[in-house]
Amino acid sequence: MSPVFSFIPLPVFVFILAFVISAMSGLFLIPLLQRLKMGQVVREDGLKSHYKKNGTPTMGGLIFLLPLVLVGIPLVLLGYPILSFIMVTLACGAVGFADDWLKVVKKHNKGISGKQKMLSLGIIAALFVLWTVLDKTQMNAIVIPFVGVTKPFLVPLWLAAGFSVFIFLAFTNGVNLTDGVDGLAGSTVLVAVTAFGVIFSFGVAFDGLRLFCALLAGGILGYLLYNLHPAKVFMGDTGSLPLGGALAALAIASGMPLILILLGGVFVLEDLSVMLQVFWFKRTGKRIFRMAPIHHHFEMSGWKENKIVLVFTATGILLAVLAILSAV
């Protein structure tokens, strides 16, 4: 990939530019959200320690979505193949924005129904898979962990497409569930996106994917300036759904959905903790965890928010290293 100047590789330049735009946009977007009274409505059955967060501006995902438009679209016009990733991320952001808007306007935490949300995300996933196939991307060449990107395993296209939609729904939901503690979702997704960027650096065919990773990572880092504890803004579904969608899109287009399960193990754990809690409660009337998703279990066990973010992010880093080693 050609440098922007003689000494700055394009992904590095894009990362820095996205970070600066994201960091600067927070200075006016957060006050704007406050003036519009876009405050978070904390669940009535949630943790009492979170009640003090009631009214904190939400829809903060706009902070890292803005660089996708301001930097991403010019890159597309210059010929870089990242349009599908920008579009799928923004589409998920639109679903999340609608959900957040209803929560704020109606002053409750339900938003759009779960079925409507999953149907919308399922349609987005199906359209992205179709786009990927029509773009002549060999998405049915699945990379197997610890075998390497140069020896993908070919599976029937229908199986790859169905599994891709499942991965998309699982990770949009997983990141959404992870967004329950200041800085947690942003930090863990930043680790996963950076790890993907490292993996993509081993192949010229992944140049566009690496560029998108740099763009997204810079935006997330700028957002975290305002979201680390105590958070000045929450990403809301406006941010969590597009982050999950972006991760899934990167995995699908690169043929690495299996590696994403390892790399995104934190989000898999969050998903599984809710599924197990619901299943066991319906079966026995008892709970496995004090509260699901699992980061709330640790919070109710006395862990401070910063400790949860530190432990979960460190776990994400370890899994990311394993994922990188499994791909090369």
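Reader: What does methionine 87 count as: buried, partly exposed or exposed?
Author: Methionine 87 sits in helix 4, where helices are DSSP runs of H or I, at least four residues, numbered from the N terminus. Buried means under 20% relative accessible area, exposed over 50% and partly exposed in between, with a 1.4 Å probe and protein chains only. Because its relative accessibility is 41%, methionine 87 counts as partly exposed.

Reader: Before we go on, what sort of model is this, and how are residues numbered?
Author: Residues are numbered from 1 along each chain as its sequence is written, and side-chain values use heavy atoms, with hydrogens and water left out. Local features need pLDDT of at least 70, side-chain atom pairs count only at pLDDT 80 or more, and totals for chains, interfaces and linings use all residues, since this is a predicted model.

Reader: Which elements give two or more residues to the nonpolar patch?
Author: The patch on the surface is formed by Val69, Leu70, Ile73, Leu77, Leu83, Met87 and Trp131, with about 630 Å² of accessible area together. Patch residues have over 30% relative accessible area and no salt bridge; like charges are joined within 9 Å, and nonpolar side chains (Val, Leu, Ile, Met, Phe, Trp, Tyr) within 5 Å. A salt bridge here is a side-chain nitrogen of Lys or Arg within 4 Å of a carboxyl oxygen of Asp or Glu, and accessible areas come from the Shrake-Rupley method with a 1.4 Å probe, only the protein chains shown counting as cover for residues. The elements giving two or more residues are helix 2 (62–70), helix 3 (72–77) and helix 4 (83–106).

Reader: Which helix gives the most to the lining of the largest cavity?
Author: On a 1 Å grid over the protein atoms alone, a cavity is a set of points where a 1.4 Å probe fits but cannot get out, and lining residues have an atom within 4 Å of a point. The largest cavity is lined by Thr188, Val191, Ala192, Leu263, Val266, Phe267 and Gly316. Helix 7 (184–200) and helix 11 (265–284) each supply at least two residues of that lining. The one that gives the most, with 3 residues, is helix 7.

Reader: How many residues of helix 8 are buried?
Author: Helix 8 (residues 207–227) reaches 30 Å from its first C-alpha to its last, close to the 30 Å expected at 1.5 Å a residue; the expected span is 1.5 Å times one less than the number of residues. The helix is mostly covered, and the buried count is 19 of its 21 residues.

Reader: What is omega for the bond between alanine 292 and proline 293?
Author: Proline 293 is in the loop between helix 11 and helix 12 (294–300). The bond joining alanine 292 and proline 293 is cis, with omega about 5°.

Reader: Lysine 37 and methionine 59 both have positive phi. Which one is buried?
Author: Lysine 37 has phi near 60°, and methionine 59 has about 65°. Lysine 37 is found in the loop between helix 1 (10–35) and helix 2, and methionine 59 is found in the loop between helix 1 and helix 2. Lysine 37 counts as exposed because its relative accessibility is 62%. At 2% relative accessibility, the buried one is methionine 59.

How values were computed
On a 1 Å grid over the protein atoms alone, a cavity is a set of points where a 1.4 Å probe fits but cannot get out, and a pocket is an open set with protein on both sides within 12 Å along at least five of seven lines; lining residues have an atom within 4 Å of a point.
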